Amino acid sequence: IRDYINYDEDPDNQVSQSQTKAPATKIPPLTASISSVSYSDGDPSFQPMPGQHYAIVDVDVVHNLDAPTWLSPLLQSFIVDAAGKKYELSPITLEQPFDAREYKIGEHATGELSYMIPKNVNGLNWCYEIKTLKVCKPL
């Protein structure tokens with residue numbers, strides 16, 4: 001919804017303008033979505049700890065802050081389980097890794113991120129934080 005203008009003709013065939021202000025739609029400052037989640041037991045270069053595997057999360061993050069913003073999944077993303085335990089980014093070879101760099105307002109940051117997690121953990125959410133903003137999505 002945005003400001004809109006209604007034009008009404010008056011009796012003298014002159015157009016008069018009446019303006020009505022509808023409630024403004026607030027664009028979220030940070031949005032994120034998950035395209036896919038897969039799991040891996042590692043590759044020749046990276047092996048998980050015993051009892052763990054890699055969660056590979058393909059994500060799309062968009063910020064609508066007031067200036068270009070650096071997006072760095074190493075510092076700004078994690079997985080959290082139902083008990084509140086955090087799992088930080090862990091390296092594994094990815095086909096399309098998330099590119100850590102400065103993004104323009106509204107520009108989509110997409111790519112894969114990997115996290116080493118226990119094989120038997122439940123209630124997982126992937127989270128992304130920028131400053132005081134946080135978005136979490138269930139896996």
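Good morning. A word of caution to begin: this is a predicted model. Keep that in mind throughout.

Let's start with the overall layout. The protein chain has 139 residues. Its elements are 1 helix and 11 strands.

Next, burial and surface. Of those 139 residues, 36% count as buried. The accessible surface of the chain is about 9000 Å². Carbon and sulfur atoms make up 51% of that surface.

On to the rings. A pair of aromatic rings is described by two things: the distance of the centres and the angle of the planes. How many aromatic pairs does the model have? The count is 3.

Look at Phe98 and Tyr103. Their ring centres are 6.4 Å apart. Their planes meet at 50°. Stacked pairs need under 30 degrees and edge-to-face pairs over 60, so this pair is tilted.

Are these two residues buried or exposed? The cut-off for buried is under 20% relative accessible area. Phe98 has 8%, so Phe98 is buried. Tyr103 has 2%, so Tyr103 is buried too.

Phe98 has another partner, Tyr128. Here the ring centres are 6.3 Å apart, with the planes at 35°. That angle makes the pair tilted. Tyr128 is at 1% relative accessibility, so Tyr128 counts as buried.

Where do Phe98 and Tyr128 lie along the chain? Phe98 is in the loop between strand S7 (86-87) and strand S8 (101-103). Tyr128 is in strand S10, residues 125-130. So the pair ties together parts that are 30 residues apart in sequence.

Step back for a moment. Ring pairs link four residues into a cluster: Phe98, Tyr103, Trp126 and Tyr128.

Last topic: charges over rings. Arg101 lies over the face of Tyr103, which belongs to that cluster. Arg101 is 3.9 Å from the ring centre. What lies over the face of Phe78? That is Lys86, at 4.2 Å from the ring centre.

Conventions: Residues are numbered from 1 along each chain as its sequence is written. This is a predicted model: local features need pLDDT of at least 70, side-chain atom pairs count only at pLDDT 80 or more; totals for chains, interfaces and linings use all residues. Side-chain values use heavy atoms; hydrogens and water are left out. Helices (H or I, at least four residues) and strands (E, at least two) are DSSP runs, numbered from the N terminus. Buried means under 20% relative accessible area, exposed over 50%, partly exposed in between (1.4 Å probe, protein chains only). Accessible areas come from the Shrake-Rupley method with a 1.4 Å probe; for residues, only the protein chains shown count as cover. Rings of Phe, Tyr and Trp (its six-membered ring) pair if their centres lie within 6.5 Å; planes under 30 degrees apart count as stacked, over 60 as edge-to-face and the rest as tilted. A charge sits over a ring if NZ of Lys or CZ of Arg is within 6 Å of the ring centre and within 35 degrees of the ring normal.
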